[in-house]
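My entries follow the order in which I looked.

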Amino acid sequence: MAGQSWKPLDITAQDIGAAATTEALINHLDALGAELDDLLVREKALVFRGFGVQPEELDGVFDRLLPRRLAYVNGNSPRTKVGSNLYTSTEYPSEFTISMHNEMSYATSWPSRLAFYCQIAAETGGATPLVDAALWLESLDPEVREAFAGGVRYTQNLHGGQGLGKSWQDTFETGDRAAVDDYLSTAGAEWTWRKDGSLHVEQPRPSTTRHPVTGTEVWFNQSDQWHPAALGDDTAKALAQILPPEELPQYVTFADGSTIPDEYVIQVRDRGLENAVDVDWRAGDVMVFDNLLVAHGRRSFTGSRRVLVAMTD
């Protein structure tokens, strides 16, 4: 496939002429300094293998890779916070694949860079697929690209403690409504607090963006993940019997409010996965990638798997 022409840069202790230790990796990152930024823009994703990074050593590595670690505020996927702005990767049943996405591309601000750490590798499967986001855009039919040119509108229905999906408290990591109001106001969102304590949020967003350094236009939205069609026929039908689409925990339309055809979001989902390159994990591996130039997902797996994630602006 076309996606196979690009792949992340693997870096091992042998490659840099160093010992296979976390200390050696940290020293290497210190020596790179600002050159790390240039390297990441050029290669899009870096995978550090064979350094044997242990969980208690991870902060030292991530502090070099992610200068200003961000909280997962306004995140839409289920995660557990396990450290200083350190989270589990999306907690989604192992038998399912998570489709390609750029982290928080539905929001007005997003992390520029993500880092993953493999603490426990899956028995089988569990790779993190990566796709060149410019290639993803180019792979879509002209009709689909044109339809999305006007952007999309995301809708969130966040319950106040009990209900389907995430609560607004978990989503914004606060129980303070005023703090949520401030965040949404700054984000330019439209929102309504409902009598039952839930929160309705709408945000129009572009479907593509340009990288601030390279100027490359990339596919940059999560329409397929927010659209009922991507849930699968049985799940979508079951939800449709319970709630209208606009009342689902998350929903997406074109920016003008018109419905996005099912076949468009299925094409977006499938083309992303078809052009992806799998990063297979071994315990102790660390990966960092540019969140605009590269989209990521997760393959299904068996056995235990624990991959931690952090992000920076």
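**Entry 1. Domains**

I note at the outset that this is a predicted model. I looked up the division of the protein chain and found domain 1 (9–122 + 280–312) and domain 2 (136–271); these bounds come from an automatic or database domain assignment. I then checked the distance between the C-alpha centres of domain 1 and domain 2, which is 25 Å. For the contact between them, I recorded 27 residues of domain 1 against 27 residues of domain 2.

**Entry 2. The sheet of seven strands**

I traced an open sheet of seven strands and wrote down the order S1-S2-S16-S6-S19-S4-S3. Its pairing is mixed. At the edges I found strand S1 (9–12) and strand S3 (81–83), each of which pairs on one side only. Neighbouring strands in this sheet are turned against each other by 25° on average, direction ignored.

I next examined one pair in detail. S1 runs parallel to strand S2 (residues 45–49), and four bridges link the two. Within this region I located Leu9, which stands opposite Leu46 in S2.

**Entry 3. Helix H4 on the sheet**

I asked which strands helix H4 (residues 58–65) touches as it packs on this sheet. I found contacts with S2, strand S4 (86–88), strand S6 (113–120), strand S16 (286–290) and strand S19 (306–312). The direction of H4 makes about 160° with that of S6.

**Entry 4. Helices H2 and H4**

I turned to helix H2 (residues 22–32), which packs with H4 at an angle of about 15°, the axes being 10 Å apart. The crossing of H2 past H4 is left-handed.

I listed the residues that make this contact: Thr22, Leu25, Ile26, Leu29 and Asp30 come from H2, and Gly60, Val61, Arg64 and Leu65 come from H4. By class, the contact of H2 with H4 has five nonpolar, two polar and two charged residues.

**Entry 5. The sheet of four strands**

I traced another open sheet, made of four strands in the order S5-S17-S8-S15, with antiparallel pairing. Its edge strands are strand S5 (98–101) and strand S15 (277–279), and each pairs on one side only. On average, neighbouring strands here are turned by 25° against each other, direction ignored.

I looked at strand S8 (residues 128–132) and strand S17 (residues 294–298), which run antiparallel and are joined by three bridges. I noted that Leu130 has His296 in S17 as its bridge partner.

Lastly, I recorded that helix H11 (residues 262–274) packs on this sheet and touches S5 and S8. The direction of H11 makes about 85° with that of S5.

Definitions and conventions
Residues are numbered from 1 along each chain as its sequence is written. This is a predicted model: local features need pLDDT of at least 70, side-chain atom pairs count only at pLDDT 80 or more; totals for chains, interfaces and linings use all residues. Side-chain values use heavy atoms; hydrogens and water are left out. Two strands pair if DSSP finds at least two bridges between them. Axes are lines fitted to C-alpha atoms, for helices over the stretch in contact, and angles run from 0 to 180 degrees between N-to-C directions. Contact means heavy atoms within 4.5 Å. A crossing is left-handed if the near helix is turned anticlockwise from the far one by less than a right angle, and right-handed if clockwise. Ala, Val, Leu, Ile, Met, Phe, Trp, Tyr, Cys and Pro count as nonpolar, Asp, Glu, Lys and Arg as charged, and the others, Gly among them, as polar.
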